[in-house]
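Here is a model to examine. The questions ask how its labels follow from their cut-offs.

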Amino acid sequence: MDRFVWTSGLLEINETLVIQQRGVRIYDGEEKIKFDAGTLLLSTHRLIWRDQKNHECCMAIPLSHIVFIEEQAAGIGKSAKIVVHLHPAHPTKEPGPFQSSKNSYIKLSFKEHGQIEFYRRLSEEMTQRRWENIPVSQSIQTNRGPQPGRVRAVGIVGIERKLEEKRKETDKNISEAKEMVELSKSIANKIKEKQGDITEDETIRFKSYLLSMGIANPVTRETYGSGTQYHMQLAKQLAGILQVPLEERGGIMSLTEVYCLVNRARGMELLSPEDLVNACKMLEALKLPLRLRVFDSGVMVIELQSHKEEEMVASALETVSEKGSLTSEEFAKLVGMSVLLAKERLLLAEKMGHLCRDDSVEGLRFYPNLFMTQS
Amino acid sequence: MAMSFEWPWQYRFPPFFTLQPNVDTRQKQLAAWCSLVLSFCRLHKQSSMTVMEAQESPLFNNVKLQRKLPVESIQIVLEELRKKGNLEWLDKNKSSFLIMWRRPEEWGKLIYQWVSRSGQNNSVFTLYELTNGEDTEDEEFHGLDEATLLRALQALQQEHKAEIITVSDGRGVKFF
């Protein structure tokens, strides 16, 4: 609540009103405060609240101070609310209704409805960030980031930081994209008008933009299949991460298990299934100690190079022979494998002619292949 | 009737009733089925059957084991037999078939050998005489069904060793 500054309520030049709503109450964190009935105004630059009874009581927060917003649905006897999480106040900010506050968020309660539309417009302004491009007078401070030296709410800080990083990255990407669009346009024009050669410099710049955006460089594709620099790096990382888990699991894991394991370790910035597969396709080419293998059924696994699935088949045959016949589930349990991998091993044994199958309403069972061994 | 018939070991092996996906294994399996069908039909003196009968027959339906060969797989076995010359479809819909535990050419050979041995070349026989006559009691082809016999004689006809003719009350054959 200490982020608000007193204001006249008049809009600055270049500041435009987006939406306003009567009957809004402000909470400091979870606490009700005396500002219980006011008109809330949203402009391109600020969030302004003006007391309905006393128009001179008017305060505002620059939109740049908002970290993120949440909706709180209405309940029985409770109005719908918007929760606004804020950056800490600037030490040199103008005076406002509160000198200090232990909360880093406020709640806006819409007692006369209008929450849905207001939230929508506020989200839009937060996305468009028009205040960054439309300069107004100094009295509206634009705060680009969190300031040091204030008590922060636990938990939010990590989120704030990551959001800030993401935004900076997006900004960088957008500006790079703009450059790239210009470059592509220039190249396209040159081609169209056959106006001079595309210089080597332009070609190099173009290729480097493609690479940095994770698009395959044609040269790379020829050498490594559809891999990119990114996938190459990822493949090397995977080799490091998976060595021990693979050894613990008998040298073989399904790709789904790998996906879960790797993403659990990463936390944020999760790997997409596509990126995982593309990286794994490069393992063998990069001479790493693991490889991707695709069974006939389409099941994909990662194997240690030292793992010989065909040899495991011989021991599988022994196990099945001992028991007369086994289903995938029974075999999995006996050997301590996942049912998926157990089935693949039995299918491989069948393919190699060591086992045959009995497929009935009772299920799928594997037997030693007596057709071949018995005359 | 089925009592004296000795079932092969495969008949008590559940995978026998599942068409094997492994090609080499399937080859062995189908060979075993063909052999079983022929010996079963031979013992039971069954020269023709419908597909429906086949499905419910103990031949393809092992009640004790609770396994039966699915009809699609039965069709595959029958096709194998046809390719080998032991089976002939009796109708366009492939609903009933003639099953010959010996191929017609083989029967023809046996019959011709007997004809030559007994010095009866240039003789004429009725079909009935061949399969039910006193003279042929000791021969393997004694009691052979007419459909199979006809095909055997047709095979000999192809080789110009016999000719099927019409006699007073039916058909007969002249050997050369």
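Two strands pair if DSSP finds at least two bridges between them. Helices (H or I, at least four residues) and strands (E, at least two) are DSSP runs, numbered from the N terminus. This is a predicted model: local features need pLDDT of at least 70, and side-chain atom pairs count only at pLDDT 80 or more, while totals for chains, interfaces and linings use all residues. Residues are numbered from 1 along each chain as its sequence is written.

Q: How do you know that strand β2 (residues 17–28) of chain A pairs with β4(A)?
A: Five bridges join β2(A) to β4(A), and the two run antiparallel. Pairing takes at least two bridges, so the strands pair. In β4(A), L40(A) is the bridge partner of Q21(A).

Q: What joins β4(A) to strand β5 (residues 46–51) of chain A?
A: Five bridges, in an antiparallel arrangement. T39(A) has R50(A) as its bridge partner in β5(A). A hairpin through two residues connects β4(A) to β5(A).

Q: Why is strand β11 (residues 290–294) of chain A called largely enclosed?
A: Buried means under 20% relative accessible area (1.4 Å probe, protein chains only). Four of the five residues of β11(A) are buried, so the rest of the structure largely encloses this strand.

Q: What makes D135(B) exposed?
A: Exposed means over 50% relative accessible area, with partly exposed lying between buried and exposed. D135(B) has 59%, so D135(B) is exposed. D135(B) sits in the loop between α5 (127–132) and α6 (146–158) of chain B.

Definitions and conventions. Chains lettered and ligands numbered in written order. Heavy atoms only, no water.
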